[in-house]
Number of protein chains: 2
Amino acid sequence: MKMRYAIIGTGAVGGYFGGRLAHDGHDVHFLLHSDYDHVLRHGLQVFSCNGDFHLQHPNAYSSTADMPQADVVLVALKSVNEALLKTLLPPLLKPDTLVVLIQNGIGLEQDVQQWFPKLHLAAGIAFIYSSKTQAGVVSHVGYGRLNIADYSCPDPQRIVQLVADLNAAGVEAHRVEYAEARWKKSVWNMPFNGLTVVLNTQTDKLLQNSVTEHLIREMMQEVIGAAQHLGVQRIDPSYAEQMLEMTKAMVPYSPSMKLDYDFHRPMEIHYLYTRPIQLAAEAGFPMPRLQMLEQQLKFLEASTALSL
Amino acid sequence: MKMRYAIIGTGAVGGYFGGRLAHDGHDVHFLLHSDYDHVLRHGLQVFSCNGDFHLQHPNAYSSTADMPQADVVLVALKSVNEALLKTLLPPLLKPDTLVVLIQNGIGLEQDVQQWFPKLHLAAGIAFIYSSKTQAGVVSHVGYGRLNIADYSCPDPQRIVQLVADLNAAGVEAHRVEYAEARWKKSVWNMPFNGLTVVLNTQTDKLLQNSVTEHLIREMMQEVIGAAQHLGVQRIDPSYAEQMLEMTKAMVPYSPSMKLDYDFHRPMEIHYLYTRPIQLAAEAGFPMPRLQMLEQQLKFLEASTALSL
């Protein structure tokens with residue numbers, strides 16, 4: 001059985017992964033917002049380090065009310081708009097639809113599950129360097145992995161097939177364990193997203209300076225400590241060193257929060273910082289450095305809003 | 001007996017306090033650097049909310065080697081130049097000369113005492129809003145208190161007379177207890193100096209936002225905790241609330257470190273942050289938020305140096 005896909009948020013992430021599936025011949029339906037008219041006329045263009053492609057007539061929609069029900073929904077919205085899912089998702093859902101949240105942070109699946117108690121949910125953990133460079137144009141310049149972690153899907157076969165579809169479409173994908181995957185991604189996301197904003201810099205400069213390299217190591221240990229405190233076993237202090245080495249080998253990188261701040265878009269502070277810090281605090285584990293970073297980001301966001 | 005004064009650093013602070021003493025008829029000798037020629041020709045102008053005055057022919061010098069020995073030396077250099085005192089002070093010193101360090105931070109007297117083991121030292125704790133607006137011109141716009149704390153002066157009368165001279169010259173001055181005064185000043189200095197730099201803002205905006213107000217309260221408690229851990233008894237958590245209320249009543253204020261950073265001058269990170277954080281750590285008291293602020297400041301200073 002071929003699965004029908006719905007892509008909620010056709011940007012740098014949703015446009016790339018959904019585009020790969022469509023380019024491989026899958027039945028993919030894209031929700032667009034500001035780019036809807038452009039994509040209707042000109043299609044979706046993906047420039048990719050793994051090979052460019054163009055979708056001449058993608059199934060494009062401006063409302064989920066017009067879209068068919070799907071077997072798999074890939075959600076690639078910014079998490080600042082998470083509550084939109086309350087109205088976006090229902091038209092797409094069959095009883096066994098799998099919804100995959102390809103978003104960053106902690107607490108996303110918990111909230112969506114509360115809004116839709118019977119929903120079959122998974123987390124999508126993306127490692128990709130891509131951006132939407134103009135209307136209908138996605139530029140994918142590095143990496144491109146998408147790991148899938150079951151959260152509340154009673155049918156493991158659905159996830160197996162999604163992973164197989166992705167790999168067949170040229171996207172490296174693996175099944176991973178939910179809490180471990182979400183927290184491991186946070187070990188990288190929490191220090192680098194906020195610090196590049198507050199210090200107006202990129203990953204390479206933070207690691208070339210031994211003082212901020214040390215700060216990042218301390219922050220990573222706060223995340224690892226929180227995860228361990230919350231019962232995530234398969235993550236240990238040495239993971240910080242792996243992440244530091246991996247980042248040093250990367251091209252100079254502006255995390256998504258840095259791009260959001262520079263372009264005066266709201267930052268994903270809630271799920272990237274507030275929720276994990278709250279969870280850790282409730283479990284008796286303080287994260288003073290990351291809490292201070294959260295406080296600094298909230299100040300900057302409030303200042304930016306004032307200047308708009 | 002009238003005391004002879006030497007002023008090391010005739011800027012916003014030294015120019016004001018030394019100027020008041022000279023204006024009141026005291027024998028005051030000023031060390032100048034970039035403003036030497038201008039002050040020789042045009043004198044020293046002080047615009048002050050407590051009354052303007054002009055010194056037509058102040059005793060101005062470009063080297064302490066040309067200055068007479070003094071009874072009291074007021075040091076108002078930026079502490080980034082502290083090691084200059086090794087060569088600046090000796091020509092001014094008699095066996096009983098009192099050297100007063102009107103500077104911000106923790107560890108200043110300890111270092112100078114190590115360089116001059118027999119020196120009679122005091123701390124000057126200034127509460128003043130002033131700036132050098134151009135060569136030979138000091139603009140004093142608010143406050144103006146100068147408290148004096150004995151550090152290693154065997155003659156209490158010398159400090160009594162200094163305090164009396166200051167008050168007679170129109171400068172509110174009091175004798176205060178050394179460790180308590182230095183740490184109390186740090187309760188204000190440590191949060192506000194660094195945060196206004198990192199978040200590119202002023203005191204009022206930090207306190208109008210409840211998130212950063214909370215962060216500042218947490219930082220103040222770190223300083224108070226460190227002081228208590230180091231045996232400074234007369235400082236308790238309620239002092240943070242006093243400082244917050246005092247700051248809310250102030251005009252919007254850019255602390256000296258913010259001005260230094262904006263004008264690409266080196267920041268007083270060492271004595272304002274590194275030393276108190278080290279002292280507290282050695283006593284087993286961590287200051288994670290202020291250490292993170294120190295780390296952020298060091299990154300910004302290194303980045304600025306690169307851009308010069």
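**Salt bridges and burial, case by case**

Me: Why is D96(A) called partly exposed?
Reply: In this predicted model, D96(A) comes out at 35% relative accessibility. Buried needs under 20% and exposed needs over 50%, so 35% falls in between and D96(A) counts as partly exposed.

Me: And what makes R158(A) count as buried?
Reply: R158(A) has a relative accessibility of 8%. The cut-off is under 20%, so R158(A) counts as buried.

Me: How do you know that R158(A) and D96(A) form a salt bridge?
Reply: Their side chains come to 2.9 Å, N to O. The limit is within 4 Å, so the pair qualifies. This bridge joins distant parts of the chain, with R158(A) in helix α5 and D96(A) in strand β7 of chain A, 62 residues apart.

Me: Why is E218(B) with R289(B) called a salt bridge?
Reply: The N to O distance is 3.4 Å, and because that is within 4 Å, it passes. E218(B) sits in helix α8 and R289(B) in helix α12 of chain B, so the bridge ties together parts 71 residues apart in sequence.

Me: What makes E222(B) and R289(B) a salt bridge?
Reply: Their closest N and O atoms are 3.1 Å apart; that's within 4 Å, so the pair counts. Here too helix α8 and helix α12 of chain B are linked, the two residues being 67 apart.

Me: Are E222(B) and R289(B) buried or exposed?
Reply: E222(B) has a relative accessible area of 6% and R289(B) is at 14%. Both values are under 20%, so both residues are buried.

Note on methods. Residues are numbered from 1 along each chain as its sequence is written. Chains are lettered from A and ligands numbered from 1 in the order in which they are written. This is a predicted model: local features need pLDDT of at least 70, side-chain atom pairs count only at pLDDT 80 or more; totals for chains, interfaces and linings use all residues. Side-chain values use heavy atoms; hydrogens and water are left out. Helices (H or I, at least four residues) and strands (E, at least two) are DSSP runs, numbered from the N terminus. Buried means under 20% relative accessible area, exposed over 50%, partly exposed in between (1.4 Å probe, protein chains only).
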